[in-house]
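Subject: Structure handover and contact notes

Hello,

Here is the structure we discussed, with its sequence. My notes on it follow below.

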Amino acid sequence: MFNTLYIFNREGNCCFYKEWNRKKPSTNLEEEFKLMYGFIFQLKLFCAKTSVESTDGGFHFYKTSAYKLHFYESASMVKFILLTDPNVGDMRELLKKFFEYYTTYVVKNPMYELNSKIDNCTLFIEHLDQEVKNWRMPSR
């Protein structure tokens, strides 16, 4: 169900990356991070320019036949991008929960340096993994 999670800080740097069930491994993660951030930036811009209503250009997901990309951006401009199976429903609430874990176990961690990689925040990673393990697709 869950493939990958990217977290980008407000400067556009990927501060966290996690794979669960990725089918095709990346040959260059740094290049992939740049492409993903650029893609999200352009998609947000496109949504803002084509929207009939005056919105912030926000979108929550888009779907292809191969995957579904879910997006959540916090007020502090931290971006959470989750790639899943295309049949998975709306993941906004789960991404908001990931953000809660981010603020609780990363931002409030006195050992964490702002805008650095999150690799050493074990409680954050454990909570993400537990959420993914316990997640069940809602019945229709």
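Leaving aside its neighbours within four places in sequence, which residues is His-70 in contact with? The list is His-60, Phe-61, Phe-80, Ile-81, Leu-82, Thr-84, Val-88, Gly-89, Met-91 and Leu-95, where contact means heavy atoms within 4.5 Å.

Before the rest, the conventions. This is a predicted model, in which local features need pLDDT of at least 70 and side-chain atom pairs count only at pLDDT 80 or more, while totals for chains, interfaces and linings use all residues. Residues are numbered from 1 along each chain as its sequence is written, and side-chain values use heavy atoms, with hydrogens and water left out.

His-70 lies in strand 4 (residues 68–73); helices (H or I, at least four residues) and strands (E, at least two) are DSSP runs, numbered from the N terminus. His-70 is buried at 1% relative accessibility, buried being under 20% relative accessible area, exposed over 50% and partly exposed in between (1.4 Å probe, protein chains only). Its side chain makes a polar contact of 2.8 Å with the side chain of Thr-84. A polar contact is a pair of N or O atoms within 3.5 Å; within protein, one must be able to donate a hydrogen and the other to accept it, and residues adjacent in sequence count only if both atoms are side-chain atoms.

Lys-79 is in strand 5 and is also buried, with a relative accessible area of 4%. The side chains of Lys-79 and Glu-73 are joined by a polar contact of 3.0 Å. Beyond the neighbours within four places in sequence, the contacts of Lys-79 include Tyr-6, Ile-7, Phe-8, Tyr-37 and Lys-44.

Strands count as paired if DSSP finds at least two bridges between them. Strand 1 and strand 5 run antiparallel and are joined by six bridges, with Phe-8 opposite Lys-79. Strand 4 and strand 5 are likewise antiparallel with six bridges, and here Leu-69 stands opposite Leu-83. Strand 4 and strand 5 form a hairpin with five residues between them, and Met-77 in the turn has a positive phi of about 70 degrees.

Nonpolar cores

A nonpolar core is a set of buried Ala, Val, Leu, Ile, Met, Phe, Trp, Tyr and Cys residues joined through side-chain atoms within 4.5 Å. The largest has 26 residues, of which Phe-80, Phe-98, Tyr-102, Ile-118 and Phe-124 touch the most other members. At least two residues each come from strand 1 (2–8), strand 2 (14–19), strand 5 (79–84), helix 2 (92–107) and helix 3 (122–134). Helix 2 gives the largest share of this core, seven residues. A second, separate core of 14 residues includes Cys-14, Phe-33, Leu-43 and Cys-47.

The buried residues of helix 2 are Leu-94, Leu-95, Phe-98, Phe-99, Tyr-101, Tyr-102 and Val-106. They pack against strand 1, strand 4, strand 5 and helix 3.

Aromatic pairs

The whole structure holds 18 aromatic pairs. Rings of Phe, Tyr and Trp (its six-membered ring) pair if their centres lie within 6.5 Å; planes under 30 degrees apart count as stacked, over 60 as edge-to-face and the rest as tilted. Phe-8 and Tyr-37 are a tilted pair, because their planes are at 55 degrees, with ring centres 5.3 Å apart. This pair links strand 1 to helix 1 (residues 29–50), across 29 residues of sequence. Phe-8 is buried at 1% relative accessible area.

Phe-80 and Phe-99 have ring centres 5.9 Å apart and planes at 85 degrees, so they are edge-to-face. The pair ties strand 5 to helix 2, parts 19 residues apart in sequence.

Lastly, Lys-68 lies over the face of Phe-61, at 4.2 Å from the ring centre. The criterion is NZ of Lys or CZ of Arg within 6 Å of the ring centre and within 35 degrees of the ring normal.

Regards
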